Amino acid sequence: MNVMPNRMDRGFYKYQQEFENKALNVLRSGWYILGQELKSFESEFNSYITDKKDDEYCVGLASGLDALWIAFKLLDIKKGDEVIVQGNTYIASVMGITINDATPIFIEPDEYFAIDPDKIEEKISDKTRAILVTHLYGMASRMDKIIELCKKYNLKLVEDCAQSHGARSENKMTGSFGDVGCFSFYPSKNLGAFGDAGAVIVKNEELAEKFKMFRNYGSEKRYYNKVVGANSRLDEIQAGLLRVRLKHLDELNAEKIMLAENYSREIKNPEIVLPKTAPQTSSVWHQYVIRCEKRDKLINYLNDKNIGTIIHYPIPPHLSEAYKYLGLSKGSLPITEHLANTVLSIPIYNGMTELEQEYVIDAINSFR
Ligand SMILES: *Cc1c(COP(=O)(O)O)cnc(C)c1O
């Protein structure tokens with residue numbers, strides 16, 4: 001048996017006819033950018049995340065990174081400003097901040113891989129302008145304390161929901177808490193396109209209009225440019241294919257939740273620490289991330305059995321070459337760094353068979 005870390009083809013073949021029909025329809029329509037598929041997707045995704053509140057809006061963009069950096073830009077966060085972010089996130093979260101020349105202030109994670117709500121306040125300064133929360137691995141973060149801090153210090157709240165489509169905190173969808181909820185639809189995400197795509201969920205029409213203008217060269221009306229913008233449009237084919245996937249998202253998430261429950265019930269090995277969700281939160285299990293002090297030995301052992309794994313992420317942003325200029329040395333975020341040395345994502349994907357999962361479970365349980 002050979003089990004790969006992910007099998008995106010299975011997600012395609014599950015609804016092959018629907019995807020192919022949609023792609024053909026868009027190809028034959030003669031309209032490929034900023035059309036009806038995008039409008040419909042924005043409205044449907046907004047309903048999915050916000051339970052149809054009419055003072056909230058979705059704007060489609062070209063990627064998750066665009067969602068993040070344009071969010072901070074339109075919230076007027078710039079050079080000299082500080083944004084609080086967890087140390088153990090994907091580097092794109094941090095780039096969303098630093099593309100605007102703002103400074104990331106890293107916070108250590110809690111036992112649920114989330115930003116530790118008890119460690120934020122001590123890092124708030126008179127330069128702090130926003131908190132960025134990443135709902136990492138599909139696990140929703142606890143939001144109550146963070147929302148309180150945002151109110152108390154008048155901070156903007158941005159959510160990185162690139163891994164958490166459909167996850168809930170206190171029964172509210174991730175992406176519906178912040179001033180801006182940022183989503184990626186990169187193919188491997190729980191709601192994946194067949195190319196690059198992203199979106200934001202925002203709280204008022206004015207901000208939504210700013211995003212719509214910014215994504216299209218800063219123009220509302222063709223060739224009348226009000227601001228210097230970007231080209232960050234979510235194209236019609238991707239929007240159409242995302243509408244197909246969105247219809248099935250709850251079912252796809254339910255399958256991953258079941259796979260995660262199987263792992264949590266069946267993996268029994270004193271060398272392995274299993275992931276757990278925080279109280280009052282749910283996970284859509286974008287990844288199933290275990291921890292192991294002998295991680296590198298475990299990777300080789302699983303490799304020998306043809307089981308593929310991935311480390312999310314081996315180098316925390318503050319230690320990456322790109323952020324050398326921040327001057328943070330090894331040891332400055334010990335919990336984050338220890339996670340980077342011990343986490344391992346094991347295979348979990350839509351269409352994973354019972355036999356494949358049993359094979360992975362048996363292999364992990366026999367690891368010594
Ligand atoms: C995937 C991802 C992004 C970036 O999304 P892209 O669409 O690849 O630009 C940002 N943050 C997190 C946490 C991600 O997982």
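Helices are DSSP runs of H or I with at least four residues, strands are E runs of at least two, and both are numbered from the N terminus. Keep in mind that this is a predicted model, where local features need pLDDT of at least 70, side-chain atom pairs count only at pLDDT 80 or more, and totals for chains, interfaces and linings use all residues. Residues are numbered from 1 along each chain as its sequence is written, and side-chain values use heavy atoms, leaving out hydrogens and water.

So which residues of H2 are buried? They are Phe-19, Lys-22 and Val-26, buried being under 20% relative accessible area, exposed over 50% and partly exposed in between (1.4 Å probe, protein chains only). These three sit on the same side of H2, because they cover an arc of only 70° around the axis, taken from the directions from the helix axis to the C-beta atoms. Just past the end of H2, Gly-30 takes a positive phi of about 80°.

Now for Asp-235, in the loop between strand E11 (224-225) and H8. Asp-235 is partly exposed, at 23% relative accessible area. Leaving aside residues up to four places away in sequence, Asp-235 touches Tyr-32 and Ile-33. Its side chain also reaches the backbone nitrogen of Ile-237 at 3.1 Å, while a polar atom of that side chain lies 2.9 Å from the backbone nitrogen of Gln-238.

Note on methods. Contact means heavy atoms within 4.5 Å. A polar contact is a pair of N or O atoms within 3.5 Å; within protein, one must be able to donate a hydrogen and the other to accept it, and residues adjacent in sequence count only if both atoms are side-chain atoms.
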